[in-house]
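Please work through the exercises below with the sequence and the structure open beside you. Each task is followed by a solution that goes step by step.

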Amino acid sequence: MEIFKTAPELQAFALAAKRSGRTIALVPTMGFLHAGHASLIDIARRKAEIVIVSIFVNPTQFGPTEDLDKYPRDFEHDRILCLEHGVDVIYAPEPDAMYAPDASTWVEETKLSRPLCGAKRPIHFRGVTTVVAKLFNLALPDYAVFGMKDAQQLFVIRRMVRDLNFPVEIIAAPLVREKSGLALSSRNRYLSEDEKQRALVLSRTLEAAKPAIEQTGLGAIPAIIEAMRVEIEKAGGKVDYIEALDAATLEPPTDATVDVLLALAVYFGTTRLIDNTLIWVKR
Ligand code: AMP
């Protein structure tokens, strides 16, 4: 397994691999890897001859009051997980290796990035699309794997790839949970044991909402969201948002809606957790 720390090293490697006809799959991450990330790597491993994992806590997607500095990092743990899952290359640049000090170009998706987390974290998705576009230009992947844990991010990246004609196939990986139901996340590290127990209300209420909306239809959504809010607040969570949107447009559902994305962001203490579920609307 190779470890590259600069952009030219990665790009030269990827160019040589492409010229020799080999396929590349990229898994972009911010590190502190867990079984959710590993499932993406395993999907990438089955898809392509070369698997590249990027580990980069991207400063441009963090707002000024967010957790950039305290975001958990453990490169040695990440290196071993990558080795065990057959990764060929880790790309782990320092911020200066990714952004020129006077960088002035952004890639911005302007529709799907607006609601949900986009409304609460205004510069977040612009940072995500910019860094992912840069990673695509450096790693030259045939495939890139993104998790449904960050469903909105996945949809925004898909749209960017379509709109800008990136020659890469985006693969969606299922959301991986602990046995308890808690969605795996590097940010779970911030939770106390008590907060972790309380946070189980998120997956529990999402799970309960699913059959309720499936069986009762779109009309049931407002009451179900209200009931979720009450239960989450009772468990000590501070709701940032709970919303049900058309999964194709990320707009409010209409008669044409086939899939609903029920998504939430909730604080436990100072830790902001996100979770979601996709619901197929029967007619
Ligand atoms: P992150 O390191 O949190 O930026 O995540 C990197 C990638 O891993 C993103 O595509 C995430 O959606 C994905 N990911 C993170 N947690 C999970 C999870 N629990 N299940 C599936 N994918 C995940």
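Predicted model: local features only at pLDDT ≥ 70, side-chain atom pairs only at ≥ 80, totals over all residues.

**Exercise 1. Determine which residues of helix α10 are buried, and where they lie around the helix axis.**

Step 1. Begin with the extent of the helix: α10 covers residues 221-234, and its 14 residues reach 20 Å from the first C-alpha to the last, close to the 20 Å expected at 1.5 Å a residue.

Step 2. Apply the cut-off for burial, which is under 20% relative accessible area. In α10, the buried residues are I221, I224, I225, M228 and I232.

Step 3. Look down the axis of α10: the buried residues fall within an arc of 95°, so they line one face of the helix.

Step 4. Turn to the face of α10 that points away from this buried side, where the exposed residues P222, A223 and K234 are found.

Step 5. Identify the packing partners: the buried residues of α10 pack against α9 (200-216), β7 (238-246) and β8 (259-268). After α10 comes G236, which has a positive phi, near 95°.

**Exercise 2. Compare the salt bridge of E226 with R229 and that of R204 with E231 by the placement of their partners.**

Step 1. A salt bridge requires a side-chain nitrogen of Lys or Arg within 4 Å of a carboxyl oxygen of Asp or Glu.

Step 2. E226 and R229, by contrast, both lie in helix α10, 3 residues apart, which is about one turn of the helix.

Step 3. Check the accessibility: R204 is partly exposed at 48% and E231 is partly exposed at 33%, while E226 is partly exposed at 42% and R229 is partly exposed at 26%.

**Exercise 3. Locate the two partners of the salt bridge between R121 and E66, and decide whether each is buried or partly exposed.**

Step 1. The side chains of R121 and E66 meet at 2.6 Å, N to O. This pair links distant parts of the chain, 55 residues apart, with R121 in the loop between α5 (116-120) and α6 (124-139) and E66 in the loop between β3 (50-55) and α3 (75-84).

Step 2. R121 has a relative accessible area of 10% and is buried, whereas E66, at 28%, counts as partly exposed.

How values were computed: Residues numbered from 1 in each chain as written. Heavy atoms only, no water. Helix = DSSP H or I, 4+ residues; strand = E, 2+ residues; numbered from the N terminus. Expected span 1.5 Å × (residues − 1). Buried < 20%, exposed > 50% of the residue type's maximum accessible area, 1.4 Å probe, protein only. Arc of directions from axis to C-beta. Contact = heavy atoms within 4.5 Å.
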